[in-house]
Amino acid sequence: MNSLSRRKFLKITGATVGAAAVITGSGKALFKGADKVNKKIVKGIKKIPTYCDVCFWKCGAIAYVKDGKLWKIEGNPKDPLSKGRLCPRGTGGVSAHYDPERLNSPLIRKKERGEEKWVAVTWGEALDYIAKKMNKIKEKYGPESMALFSHGVGGTFLKHTIKAFGSRNITAPSFAQCRGPRETGFELTFGDVVGSPERTDIKNSKCLVLIGSHLGENMHNTQVQEFAEAVEKGTSIIVVDPRFSVAASKAKYYLPIKPGTDIALLLAWMNVIVKEKLYDIDYVNKYGFGFEQFAAEISQYTPEWAYPETGIEPELIRTTAREMALYKPATLVHPGRHTTWYGDDTQRSRAIALLNALMGSWGRKGGFYLPYNYSVPKYKYPPYPKPEHEPVDNPNHKYPFAEGELLSTGIREATITGKPYPIKGWMVYATNLTQSLPNREETIKAIQNLDLLVVVDIIPSEIAGWADVVLPEVTYLERYDELNTASFRQSFISLRQPVVDAPGDQKPNWWIAKQLAERLGLEKYYPWKDIEEYLDTRLKGAGLSLNELKKKGVVTGPKEPIYFDEGIEPEFYTPSGKIEFYSLQLAEAGFDPVPKYKRPEQPPPGYFRLLFGRAPVHTFSKTQSYPLLHHQMEENVLWVNTDVAKRFGLKNGEYIKLKNTDGVISNKIKVYATERIRTDCVFMVHGFGQTSKQLKSTYLRGASDSQLITRYNTDPIMGGTGMNVNFVTFEWEV
Amino acid sequence: MARYAMVIDTTKCVGCQDCVIACETENNVPEGYCRDWITTATSGKFPTVQLEIRSERCNHCSEPPCVTSCPTGASHIHDVGGVVLVNHDECIGCKACLASCPYDARFIHPDGYADKCTFCIHRVEKGEDPACVSVCPTHCMHFGDLDDPESEVSKLLKERKYHTNLPEAGTGPNIYYLI
Amino acid sequence: MLELTTTRHNELIDPFFHAWGWEIPVYLFLGGLVAGMMIISGYFLFSGRYKETDCSCYYLPRLSFIFLSLGMLALFLDLEHKQYVWRLYTTFRVTSPMSWGSWILILVYPVLIANMLLRLPETTKQKIPLLKKISDKMNSSHNLIRNIGVINMFLGAMLGMYTGILLSSLGARPLWSTSILWLLFLMSGLSGAAAFVHLIAKNVYERELLAKADNGFLIIELFVIMLMIIGLVVSTQVHKEAAMLLLSGRYAAVFWVFVIFIGILIPLLLQLLAVNHKIHHTPLAPILVITGGIILRFVIVYAGEYSHWFIVK
């Protein structure tokens, strides 16, 4: 009952010391430890344009520096991605700079891997150590035995160094653990990928279908802005999700689907649309390939057939199918982003692509537009050495349609088995592998086989805890990076530039990559003095200059037609040159040419399917320690249906643990008993329950979905890892 | 005279907390505190559920009990727009205002004085929107003068259905939620 | 059913309001006790009992002075911005009970001092002849003494009522927003003071008188508590829920056991038996009353802080 809290206690005792104690506490907590920043203090407010790095959307931003200290960050109104407004993470990006738990100097491991015992060393010592180890790996196993896991634009130069070193084993979990199946599914259908930022014309859609996509909780800025615009316009929204998401609360139709049965729903929708001839007949006739076979195939999938699988009433399936058809071609069935769910994800993505094809939405207003990117010539480097071996991740093309990007889990497997050839060194940049790859134990097992694990990070992340060498990088607010020329509605080019000095001995990735290359005798690959010279050279090639970009932050290209109706000649880069309703490529490789539904494995009695997703204030597991974002959400909670909670005697707000079917027990997590989820699954936000002891603010806060994802179904088409296939039950020994 | 108010469209709000974080940086809110926050009200039975997501803060009430309960006059109604403010060097930190606020919108700043949303009066007096309004990625927040019938907020209240929080507490709140 | 979740996380506010700790209940108790003591002392001055040399009206003001100062110290400790405490006295806010209170306290001190001047310790008389002169002058006027008594009673009543009004003016806390709280705290102050004087009085008549008076105060107090709860229960849902905090909720155990039984019913029974000469007077009864009075302030303050307008599941 008594609430003489610690702060209050200090207050009382402080008062006896006098007013001085009060003045020192002047609420500058946010600026703690940042006194060293910006040695030459410039009085007044400076606005510096840059682009954000808290997620991978890369919004144009303007940082405000007040009296030499970073004050706030706003969207850059000239930027087509942010349109002047950042998401909460972008706004809170300030505290990436002020995070008191940042790495401060290079570290070399002192004890066993994972014990997190280090010796602080100089950059020279650390880089010499790495170069020596890399050369040893090269001598003994060849350069391909060095792999790089790198997520985001900051990895550009490390990739360059590794390629120059002679390895193509460069990967990011954003493919096989995230977008991969979608890109493959769309490429098989339309001959093109969806890309990032997604080419979805949400703001012009008249009917928007979200399948598991939780826009609003997933804060990819432009999409959320356009989603809100669509809501305001009265767009008919259909949400399919086992959880009543924020997006579901804005929907006209909410379909509380049984997890894992989306393909059945998609087939039934297409069945209704084809049977009732509700599809865009001209479009399908003109651009479609194999429609007849497709139509014959799906004629068996009636809503009545789908009902027991999906739990969605046949009438609701029919009504929503007709609703979609009503607004075609401005009906956008959103392809999602994180699509590695059940292992049949390429086929589900293909079904989504086919439904869009029936709506005629590809290349049409309110569907999928055709994006442009700003053409900036590449910097001319000497050619990379030709690797002796193919990349290690997909031996014998086991996953025949894993194209474009490498499989992170494939490289992990090769590291464990040594086949087709050993992987002995990992460099990890901006991806927390123990959280981002399924089955943590496998990752740790792979790490044990390594001769070298280098982690470049900003904070002492979980993966950094396993490293031999940790290299502290500056945040995006303290460095230049590669230009952003992503494809979008309108071509643009944006610059990331430093807005404040780094608080300690951290270095930018380009510097690290260049220094390492020089130590590896690869200096000819770094003809430029510094990144400013590199950027200026590239920009001059596009008729711009670094100085111009430093002032403007973003330069946009001309408005160009983005829809077929605006005069673009439709082109489909498929074998048939058309939209492939029936895929001969798939048939030849032994897969279903038209997606088929297979009933997913069901949870054993007393167990619940573990689902995970995102919260608006965090990006994966990287932002939990940023003070501003930390206080918005310090730990995740376990969403449990109220009836289930009642049946199992779970009290709202109490801590419990979860046990999966392999007996893995999670860290404690608070129960959130809610009407917003089905009774056969539970949900948590990804990225919590971190085990890095050095990262005190996040250490064992909430539970880690990754830890419980011991099982995954690999997509036979492209090697993606379906992760929604784990079942958990409740444990009380907290 | 002006009567400043905020009109927030709950049908567009996704509860992303951008308003909260923008307030923190704009106003240098001490770490661990917040002047605004997101409340989510869930009603119904799965799958027939309704959500109302609200960005909440001081209601800058027309009859603010925090002002009447203040023994020193530190809590006061600003000359412009009826905004409720606190003069830090008149506040003794007695917490009567905290206790008097049915919205629990106030807190004690680590420096000892009562603190809360100011409607970003420093921005508003320069003709800008409050920080929370200006960053909202869904454009669900609107700020303006209710005494001006031509203002966006007045028009929205004329056209749309809305409610305020706890009108029954009788304080005359000035944050309106469109439904 | 309504599920409410919030991202707010302010200290002293969340998960429920708890801005006031032990200081405020202690301050309210001591304020109430002093109020009761002033009324008793004032009554004795007014009624002519001051003629008895061992009348408690001669030492009560001194004790009141000390208790009130302790109470004000507790209040001061609760302030978060202590260096600005003087701001209380550069203004008078007519709508703020806290402002009223701070000025009432300022008036209480001279009145207590006037009462104290009626009898000075020998050493003071010798050291400060001026005070002796004043004291002698005051003692020569029966009317003046009676008037000092009246002013003591009046300010005591003001003080006692103010301790209740301070809370009941805060409409945001449904438990406090009852117009009868001033009477409850006044009665509780009187019963506490009566018990206290009963405990320390040198004069047997006073002891007996105050025991009887205390019984009256306790009965009224019980009645007021009943009225307060009925008032809340028949009011809005939030007020009803606030009353339930005491009747069957979070604070029910303390309320029933310590406030009602130990603080009122048991001492009432003991004192009824004592004044009817069934048992001897026991110091236990007044001690229980005083304890009950302290706990009443804690329960009302804490339960009131917990009571809220939002209906949380």
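Predicted model: local features only at pLDDT ≥ 70, side-chain atom pairs only at ≥ 80, totals over all residues.
Residues are numbered from 1 along each chain as its sequence is written, and chains are lettered from A in the order in which they are written. Local features need pLDDT of at least 70, side-chain atom pairs count only at pLDDT 80 or more, and side-chain values use heavy atoms, with hydrogens and water left out.

**View 1. C:Phe16 and C:Tyr306 form an edge-to-face aromatic pair.** Rings of Phe, Tyr and Trp (its six-membered ring) pair if their centres lie within 6.5 Å; planes under 30 degrees apart count as stacked, over 60 as edge-to-face and the rest as tilted. C:Phe16 belongs to the loop between strand S1 (2-6) and helix H1 (23-47) of chain C, whereas C:Tyr306 belongs to helix H11 (residues 284-306), 290 residues apart. Helices (H or I, at least four residues) and strands (E, at least two) are DSSP runs, numbered from the N terminus. C:Phe16 is partly exposed, at 24% relative accessible area, and C:Tyr306 is partly exposed at 22%. Buried means under 20% relative accessible area, exposed over 50%, and partly exposed in between (1.4 Å probe, protein chains only).

**View 2. C:Phe92 and C:Trp100 form an edge-to-face aromatic pair.** The distance is 5.1 Å centre to centre, with 80° between the planes. C:Phe92 is partly exposed at 41% relative accessibility, and C:Trp100 is partly exposed at 38%.

**View 3. The charged end of C:Arg8 sits over the ring of B:Trp37.** The distance from the ring centre is 4.6 Å. A charge sits over a ring if NZ of Lys or CZ of Arg is within 6 Å of the ring centre and within 35 degrees of the ring normal.
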